[in-house]
Amino acid sequence: MRKETIVENLNAVGERIVTCCNNCARNPAEITLLAVSKTQPAEALRIAYEAGQHHFGENYLQEALQKQDRLADLDICWHFIGPLQSNKTRAVAGHFQWVHSVDRLKIAQRLSAQRPHTQPPLNICLQVNIDGEHSKSGVAPQAVAALAQAVVPLPGLRLRGLMAIPAAQRDPAQQCGPFAELARLLQALREQFPEQPLDTLSMGMSADMEMAIACGATIVRIGTDIFGVRK
Ligand SMILES: *Cc1c(COP(=O)(O)O)cnc(C)c1O
């Protein structure tokens, strides 16, 4: 994609966030835009970075490590947002600042144990299977409290909140349901763990960003509307 287009798209997404926050009485400073750069070449990330974008989300480990290598001169905050298998945890623990897709204890334990001691604890979100069908990934809503209970004591991790990828609803008026449910689950966690920095609701993609913000999102994960349709 042309450099100008990426920069224009980024600005347009930023403006949508501000407009949306004005409409729902939120402060745009509460929203972090995560540019989802899977399948995009390193050069596209560099263009976005130079236009002021510092948070990037990647789904595939090998692809992400290659881009990190090529962009090592930039101060990027890297978020891992893809499905995570046990054999990938060591590299993820060493090369990312955030993981949004933790959905079972074994993965959390490995990330904690493998987080290098020279780095601060890894920020994580628990991925919740909020509508029970769209994706096989994610902890069931009724199991979130127990998983959090086991994750909070892990020294290499800092539990920051919850992430979900709800299916598109046939009736757009219903789209808020899963987002509101995730927000309720986070509120319950805050009451369960008042000492934890549970400040993150990672929800909203290109097609449903505004609804997610209206329902309390603090990180929106936007790919297509920044970098164009993926091949
Ligand atoms: C690809 C992806 C996104 C971005 O989706 P777009 O519709 O392109 O904005 C967000 N979150 C996750 C977990 C993804 O895999």
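Cys 77 is buried at a relative accessible area of 15%, where buried denotes under 20% relative accessible area, exposed over 50%, and partly exposed the range in between (1.4 Å probe, protein chains only). The sulfur of Cys 77 is 12 Å from the closest cysteine sulfur, that of Cys 125, which is too far for a bond. The model is predicted, and local features therefore require pLDDT of at least 70 and side-chain atom pairs pLDDT 80 or more, whereas totals for chains, interfaces and linings use all residues. Residues are numbered from 1 along each chain as its sequence is written, and side-chain values use heavy atoms, with hydrogens and water left out.

A search of the whole structure returns one disulfide, defined as a pair of cysteine sulfur atoms within 2.5 Å. The disulfide is formed by Cys 176 and Cys 215, with the sulfur atoms 2.2 Å apart. The link between Cys 176 and Cys 215 is left-handed, at -135° about the S-S bond. Cys 176 belongs to helix H7 (residues 176–192) and Cys 215 to the loop between helix H8 (209–214) and strand S8 (219–222), so the pair ties together parts that are 39 residues apart in sequence. Helices (H or I, at least four residues) and strands (E, at least two) are DSSP runs, numbered from the N terminus. Cys 176 is partly exposed, with 24% relative accessibility, and Cys 215 is buried, with 12%. Cys 21 takes part in no disulfide, and the nearest cysteine sulfur, in Cys 24, is 5.5 Å away. The relative accessibility of Cys 21 is 0%, which counts as buried.

Strand S4 (residues 98–102) has five of its five residues buried, so S4 is largely enclosed by the rest of the structure. S4 runs parallel to strand S3 (residues 77–80), to which two bridges join it; strands are taken to pair if DSSP finds at least two bridges between them. Phe 80 has Val 99 of S4 as its bridge partner. S4 is also parallel to strand S5 (residues 122–127), with three bridges between them, and Val 99 has Ile 124 of S5 as its bridge partner. From S4 the chain passes through helix H5 (residues 105–114) to S5 in a right-handed β-α-β crossover. A right-handed β-α-β unit is likewise made by S3, helix H4 (residues 89–95) and S4. A crossover is called right-handed if, with the strands pointing away from the viewer, the path from the first strand over the helix to the second runs clockwise.

In helix H5, the residues Ile 107, Ala 108, Leu 111, Ser 112 and Gln 114 are buried. The elements covering the buried residues of H5 include H4, S4, S5, helix H6 (144–151) and strand S6 (157–163). Ser 112, located in H5, is buried at 9% relative accessibility. Contacts of Ser 112, residues up to four places away in sequence not being counted, are made with Leu 154, Pro 155, Gly 156 and Leu 157; contact here means heavy atoms within 4.5 Å. The side chain of Ser 112 also reaches the backbone nitrogen of Gly 156 at 2.9 Å.

Lys 38 is placed in the loop between strand S1 (32–36) and helix H2 (42–50) and is buried, with a relative accessible area of 16%. Apart from neighbours within four places in sequence, Lys 38 is in contact with Gly 57, Glu 58, Asn 59, Tyr 60, Glu 63, Lys 67 and Arg 230. Asn 59 lies in the loop between strand S2 (55–58) and helix H3 (61–70) and is buried at 12% relative accessible area. With residues up to four places away in sequence not counted, Asn 59 touches Val 36, Lys 38, Phe 80, Ile 81 and Gly 82.

Most residues other than glycine have a negative phi. Thr 39, in the loop between S1 and H2, has a positive phi of about 70° although it is not a glycine, and is partly exposed at 42% relative accessible area. Ala 25, also not a glycine, has a positive phi of about 55°. Ala 25 is found in the loop between helix H1 (3–23) and S1 and is exposed, with 73% relative accessibility.

Notes. Polar contact = N/O pair within 3.5 Å; in protein donor to acceptor, adjacent residues only side chain to side chain.
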